[in-house]
Amino acid sequence: MAQAYVTETGSGDSGSEHRGPRLRRLLDRWRADRGIWRRGLILAALALLLALVMVLHAQIPNRIGNLGSLTETFLPWLGLFVPVLVVLALVRKSASALIAVLVPSVVWLNLFGGLLVDRTGSGGDLTVATHNVNAENPDPSGTARDVAASGADVVALEELTATAVPTYEKALATTYRYHSVQGTVGLWSKYPLTRTRPVDIKLGWTRAMRATVATPEGSVAVYVAHLPSVRVKLEAGFTARQRDRSADALGEAIADEPLKRIVLLGDLNGTMNDRSLNGVTSQMRSTQGAAGSGFGFSWPASFPMARIDQIMVKGVEPVTSWTLPGTTSDHLPIAARVKVAATGS
């Protein structure tokens, strides 16, 4: 047995010795290859261009087809080009391209690396949820029950139709004593609602509302909004003018809000990166960005690619934020828990 042991050990050492020279030979071949720095210059240029797009995305003009907003909507997905460039650089045996790919890698991590860290906490005293239920939802009762099962104290629903409202009211009545529907948006609450009114977001019909929620920890102004949809068209680009005007109007309404504690729930048809939502995003915090884990993409439900449904706060502290399981809508519902006590008046 001792002889067998010695033999096996010797065999393992031999393997290590073989691997060492093999690696050295590979490095020697790369060093001896004088074209290693000259090859792949186009790949290197593409890598640097990718980095520039991510760094300077705010400078991409919106004058032509809202190209800037379109880029910002899907900005995190630009990171997918990095591994592709790495593979191509290895295939081309290009040191220049490999080094250049480090630049967009660092830029992407600087922009979005923080979202890969779990920032969820515990505690909080108010749970809120929002869901674009889809006007063509085939199962409104089931959708309402699913959202209520989240345990949220306050629920906002968007894209309500006149025919479906009674169904949602009936399905949510047991859990939520108070509610208000304004146009195509509605708010359901376990706590009393006062000062409920529509909010004019320059559409000509009601797709936003505001209410004061009397939580045990103090009054909170809750806004529900469904900004106009955007479209990507070959002949017109990213058509979003109406949404942008509505976002500015919503931002003005929030800026004029007398209460210091504010929660915004809704489908904004835009991401936190989209500059066209600055009227809102510049004065509020995303619960997902502050206390979530991951990107929290909410649309489309079948393969989420962007977080266009938002929970944003001002004067309250985000504790945790998450995406709820899918319903029969084309959006995923989202929820967050926040701390209201001792954060404002």
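**Exercise 1.** Work out how helices H2 and H5 are oriented to each other in this predicted model.

*Solution.* Start with the geometry: the axes of H2 (residues 41-55) and H5 (residues 95-112) come within 8 Å and cross at roughly 15 degrees. Angles under 35 degrees count as roughly parallel, so H2 and H5 are roughly parallel to each other. As for the hand, the crossing of H2 and H5 is left-handed. Now look at who makes the contact: H2 brings residues including Leu 41, Ala 44, Leu 48 and Met 54, while H5 brings, among others, Ser 96, Val 101, Pro 104 and Trp 108. Sorted by class, that contact has 17 nonpolar residues, one polar and no charged ones.

**Exercise 2.** Is Arg 92 buried, exposed or partly exposed, and which residues does Arg 92 touch?

*Solution.* First place Arg 92: this residue lies in helix H4 (residues 81-92). Its relative accessibility is 41%, so Arg 92 counts as partly exposed. Leaving out residues up to four places away in sequence, Arg 92 touches Arg 39, Gly 40 and Leu 43. Take Gly 40: it sits 52 residues from Arg 92 along the chain, yet their C-alpha atoms are separated by 6.4 Å.

**Exercise 3.** Find the residues with the most contacts inside the largest nonpolar core.

*Solution.* That core has 23 residues, and the ones to pick out are Val 128, Leu 187, Val 263 and Leu 265. Strands that each supply at least two of its residues include E1 (126-132), E4 (185-189) and E10 (262-267). Zooming in on Val 263, its contacts include Val 128, Val 220, Tyr 223 and Met 312. Finally, a second, separate core of 21 residues includes Ala 221, Ile 254, Leu 264 and Met 284.

Definitions and conventions
Residues are numbered from 1 along each chain as its sequence is written. This is a predicted model: local features need pLDDT of at least 70, side-chain atom pairs count only at pLDDT 80 or more; totals for chains, interfaces and linings use all residues. Side-chain values use heavy atoms; hydrogens and water are left out. Axes are lines fitted to C-alpha atoms, for helices over the stretch in contact, and angles run from 0 to 180 degrees between N-to-C directions. Helices (H or I, at least four residues) and strands (E, at least two) are DSSP runs, numbered from the N terminus. Angles under 35 degrees count as roughly parallel, over 145 as roughly antiparallel, 65 to 115 as roughly perpendicular and the rest as oblique. A crossing is left-handed if the near helix is turned anticlockwise from the far one by less than a right angle, and right-handed if clockwise. Contact means heavy atoms within 4.5 Å. Ala, Val, Leu, Ile, Met, Phe, Trp, Tyr, Cys and Pro count as nonpolar, Asp, Glu, Lys and Arg as charged, and the others, Gly among them, as polar. A nonpolar core is a set of buried Ala, Val, Leu, Ile, Met, Phe, Trp, Tyr and Cys residues joined through side-chain atoms within 4.5 Å. Buried means under 20% relative accessible area, exposed over 50%, partly exposed in between (1.4 Å probe, protein chains only).
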